[in-house]
Structures are given as C-alpha cells and as structure tokens.
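Thanks for coming. I have one model to go through today, and I will keep to the geometry.

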Amino acid sequence: WQRVLANASSDSPTDWRVAIIEADIMLDDLLDSLGYTGASIGDKLRTANPQAFRSIEDAWNAHKIRNAIAHQGSDFVLTKRATNETIAQYQRVFEEFKFI
C-alpha cells in the first residue's frame, strides 16, 4: 500500500496509473480473501451484498477508473485530482475490511 501511495503522490501521470493498477490488484486480493468468486473483479463485486460491504460503491468507482486506464490506454486522461479520489476510494474499501 505504501508503494501505491508513493506512486499516487508522484508528479508523473505514469506513476498515477501504476498506483491505480496496483491498488486494483490489491482489491482483487481482498475480494478473494473475503471469499468472493468470479472470473473478474466485476464478477466478484456483482455478488457482494451491499449491507455487508458498505464501501462497494467506492470499489466499483475505483475499479471503473482502472478499467478506463487499462482499456483506453493513453487516450484516457488521468488527472492528479482523479488519481487522489480513486486512491481514496480504494483506501476506504481497504480500511473497511482492515486490509491496510
């Protein structure tokens, strides 16, 4: 998580992208550890109970940014503000489940 935060606080948009991608990998690991199953993070989130996963909206929103980075590549314009918001969303998810 410290590496994610370090990349997110960089001045380099490339580092911001890496931070979000690494945070999404952590999200996948968290979902696995919670027993969610599916071929993708999206599949796992679809099976989540919102009453037992209060930060599910944050997880979805952050994962959508990761997907934009992965699928649109350099066409996706990622700002520092969007990076900070996305990392904060991942952080809320991880804190809810005491993952960080």
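This is a predicted model: local features need pLDDT of at least 70, side-chain atom pairs count only at pLDDT 80 or more; totals for chains, interfaces and linings use all residues.

Let me begin with helix H2, which runs over residues 13–33. Its 21 residues should span 30 Å at 1.5 Å a residue, and the end C-alpha atoms are 30 Å apart, so the two values agree. Quite a few of its side chains are buried: Trp-16, Arg-17, Ala-19, Ile-20, Ala-23, Asp-24, Met-26, Leu-27, Leu-30 and Leu-31. What do these buried residues pack against? They pack against helix H1 (2–8), helix H3 (41–46), H4 and helix H5 (80–96).

Is Asp-24 buried or exposed? Its relative accessibility is 3%, and because the cut-off for buried is under 20%, Asp-24 counts as buried. Leaving out residues up to four places away in sequence, Asp-24 touches Ile-41, His-63, Arg-66 and Tyr-90. Arg-54, for reference, is 30 residues from Asp-24 in sequence, with 18 Å between the C-alpha atoms.

Now the helix pairs. Two packed helices are described by the angle between their axes and by the distance between those axes.

Take H2 with helix H4, residues 56–72. The angle is about 130 degrees and the axes are 10 Å apart. Angles from 65 to 115 degrees would count as roughly perpendicular and those over 145 as roughly antiparallel, so H2 and H4 are oblique to each other. The crossing of H2 past H4 is left-handed. On the H2 side the contact is made by Arg-17, Ile-20, Ile-21, Asp-24 and Leu-27; on the H4 side, by Ala-59, His-63, Ile-65, Arg-66 and Ile-69. By class, that contact holds six nonpolar residues, one polar and three charged.

The second pair is H2 with H5. Here the angle is about 15 degrees, with the axes 10 Å apart. Angles under 35 degrees count as roughly parallel, and H2 and H5 are therefore roughly parallel to each other. H2 passes H5 in a left-handed crossing. H2 contributes Trp-16, Ala-19, Ile-20, Ala-23, Asp-24, Met-26, Leu-27 and Leu-30, which meet Lys-80, Thr-83, Thr-86, Ile-87, Tyr-90, Val-93 and Phe-94 of H5. This contact divides into eleven nonpolar, two polar and two charged residues. Asp-24 is listed in the contact with H4 and also in the contact with H5.

Back to H4 by itself. The buried residues of H4 are Ile-56, Asp-58, Ala-59, Ala-62, His-63, Ala-68 and Ile-69. Those residues pack against H2, H3 and H5.

Last, the backbone. Most residues other than glycine have a negative phi. Lys-98 is not a glycine, yet its phi is positive, about 55 degrees. Lys-98 lies in the segment after H5, and with a relative accessible area of 70% Lys-98 is exposed.

That is what I have; questions are welcome.

Definitions and conventions. Residues are numbered from 1 along each chain as its sequence is written. Side-chain values use heavy atoms; hydrogens and water are left out. Helices (H or I, at least four residues) and strands (E, at least two) are DSSP runs, numbered from the N terminus. Buried means under 20% relative accessible area, exposed over 50%, partly exposed in between (1.4 Å probe, protein chains only). Contact means heavy atoms within 4.5 Å. Axes are lines fitted to C-alpha atoms, for helices over the stretch in contact, and angles run from 0 to 180 degrees between N-to-C directions. A crossing is left-handed if the near helix is turned anticlockwise from the far one by less than a right angle, and right-handed if clockwise. Ala, Val, Leu, Ile, Met, Phe, Trp, Tyr, Cys and Pro count as nonpolar, Asp, Glu, Lys and Arg as charged, and the others, Gly among them, as polar. The expected span of a helix is 1.5 Å times one less than its number of residues.
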